[in-house]
Amino acid sequence: MNIIQTVLQLAGSLAFLLYGMKMMSDGVQKSAGDSLQHILGFMTGNRLMAVITGILVTMIIQSSGATTVMVVSFVNSGLLTLTQSIGVIFGANIGTTVTAWIVALFGFNFKISLFAVPVFGLGYLLTLLKKLHKESIGEFLMGFGMLFLGLDMLSSVVSVEPEKILFLTQLQGMGFASTMIGVFAGFLLTVLLHSSSASTAIILTMAYNRILEWEFSAAMILGSNIGSTVDSVLAAVNTKVNARRAASIHVMFNVIGTVIAVIMLKPLLHLVDFLVPGNVYSGITYHIAMLHTIFNLLATVIFLPFTKQIAHLTERLIKPRENEKQAVYKLEFIDAIGRKNTLAHIVRAEKAIADMADLVIEMFDHLQLGFSDRSQNFIDKHMESLVRDEDYADQMSEQITHYLLKCGKLPVGPSQQNNISLMMSIVDELENMTDDCYNVACLLKKSIEKKMVFLQENMDKLIPYVELVRQFITFIHININKRLSAEKLEFAKELEEQIDATRKNLKKTARKRLESGADVKSELLYIDVVRQIEKIGDCAFNIAGALSETR
């Protein structure tokens, strides 16, 4: 019964610890989503800035696994190049050491429960007071309280008499064999918990209670670094080649770094002892936190100058699959990212919307050539591409909308929830634009096949009208996923008014030609073309309105 009770207490303590970390992460992302996105903008900078980005993001979301999974998904969707992702992965490993320092500094120096319960209560109160709009901060405080309550309970559970854990003491003190056992134990613990931060907290607790020796604790910390790569490996399954390469870089970096650290373990421990004054066992938690930091810093310093060479090596080792390029559009919701980092999903969806805007531009380019060359040449060279692109746009609309619906079920704040709804409306308008482009192309094709005759001056009048719509599409393409200022929205209104005025003039002129005895079929088709082109401008204006509301 004592064993069962201990196991249940251990499971409950871990549940408090893990769920507390999750609540903290969710709360930060809801309250600081826009700030996080600003931080992510640094990813396009140099390698040092990429490392800083990885550190900052991981410090905020308290999970190197979530950061690296996010990086894998960004590489998969084309937001990051393989070379850019390397620095972020290195930084994520440094950022995750913050958890060790938080636990070492605050976890064992005073009675945690004295402030953990009040902090949880304060957080819960903030979630109830809706008028304050501080629910996200409340969720963060509740998670903070749960984290340290879990740590306090964990410390009580693992604080046992040495004779009851004789098997652990027998595994230690056997030299290199003990080191390898420690590395494997740290790896296995992190894999089971899916969190290197949680496993680090457990290792610190066991070392603090004198269950683990200094050298064995160090070995387990090194093993946890390898275990933290599991999430990125899972995220890379069935992704594009560069995403698989990014995941492999994370694995190689952590494995090679750990191998070097194991070989140089004695000098590494002496360096930590030098940096942290005092007796090892009186300050064991500080020693472990310092070891975790020094290991990741030294590994980054060693490997960072060779990012290009590392990228080149992975490109040679991991080749694209035979079916890598697919004709069917897929935007898979990577469950491995899960609720650890909702921002990764949002940014990935934004990239997909930008790709859809690219497709609209491409289709309109094909269509525009039909007005300057209304001949069989247009049908032969461009209609097949337009048919294929229109079908692909339908797939994109379906996949992105489905993806956004899943994003809406994640823990996001009110502003992000509103943005998701606006993104869905933008996707719908982009899909309408591709339909309208295809419809205009079909009308041009019909006029060519039926050998309809139009005076050149009448066709020439369409050219500035089409150019005006092209200008509006380009404006939307440039500003997609950005918030439109009042000035830009006013510019969009002016474009819409110009398109409407031109449409009225063109239709009025066509009706006069009908009254003068022009060919009825030709003029009605001409009016249809004018109306369909105007619908493209209407969709662009609707998107501009949605962009002006985003935050």
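Here, a residue is buried when its relative accessible area is under 20%, exposed when over 50%, and partly exposed in between (1.4 Å probe, protein chains only). Welcome to a predicted model, in which local features need pLDDT of at least 70 and side-chain atom pairs count only at pLDDT 80 or more, while totals for chains, interfaces and linings use all residues. Residues are numbered from 1 along each chain as its sequence is written, and side-chain values use heavy atoms, with hydrogens and water left out.

**View 1. Glu 215 and Lys 266 form a salt bridge.** A salt bridge means a side-chain nitrogen of Lys or Arg within 4 Å of a carboxyl oxygen of Asp or Glu. In this pair the closest N and O atoms are 2.9 Å apart. Glu 215 sits in helix α12 (residues 214-227) and Lys 266 in helix α15 (residues 265-275), so look for distant parts of the chain, 51 residues apart, being linked. Helices are DSSP runs (H or I, at least four residues), numbered from the N terminus. With a relative accessible area of 25%, Glu 215 is partly exposed.

**View 2. Arg 503 pairs with Glu 534 in a salt bridge.** Here the closest N and O atoms are 3.3 Å apart. Because Arg 503 belongs to helix α22 (residues 486-515) and Glu 534 to helix α23 (residues 520-549), the pair ties together parts 31 residues apart in sequence. Both Arg 503 and Glu 534 are buried.

View 3. An α-helix has 3.6 residues a turn, so residues three or four places apart point the same way. Asp 528 is partly exposed at 26% relative accessible area, and Arg 531 is partly exposed at 36%.

**View 4. Asn 93 is a buried residue of helix α5 (residues 82-95).** Its relative accessible area is 2%. Leaving aside neighbours within four places in sequence, Asn 93 is in contact (heavy atoms within 4.5 Å) with Asn 225, His 250, Phe 253, Asn 254 and Asn 296.

**View 5. Helix α19 (residues 376-407) bends at His 382.** The bend is about 45°, taken as the angle between axes fitted to the seven residues ending there and the seven starting there.

**View 6. Leu 129 lies in the loop between α7 (113-128) and α8 (135-158).** At 39% relative accessibility, Leu 129 is partly exposed.

How values were computed: Helix = DSSP H or I, 4+ residues; strand = E, 2+ residues; numbered from the N terminus. Expected span 1.5 Å × (residues − 1).
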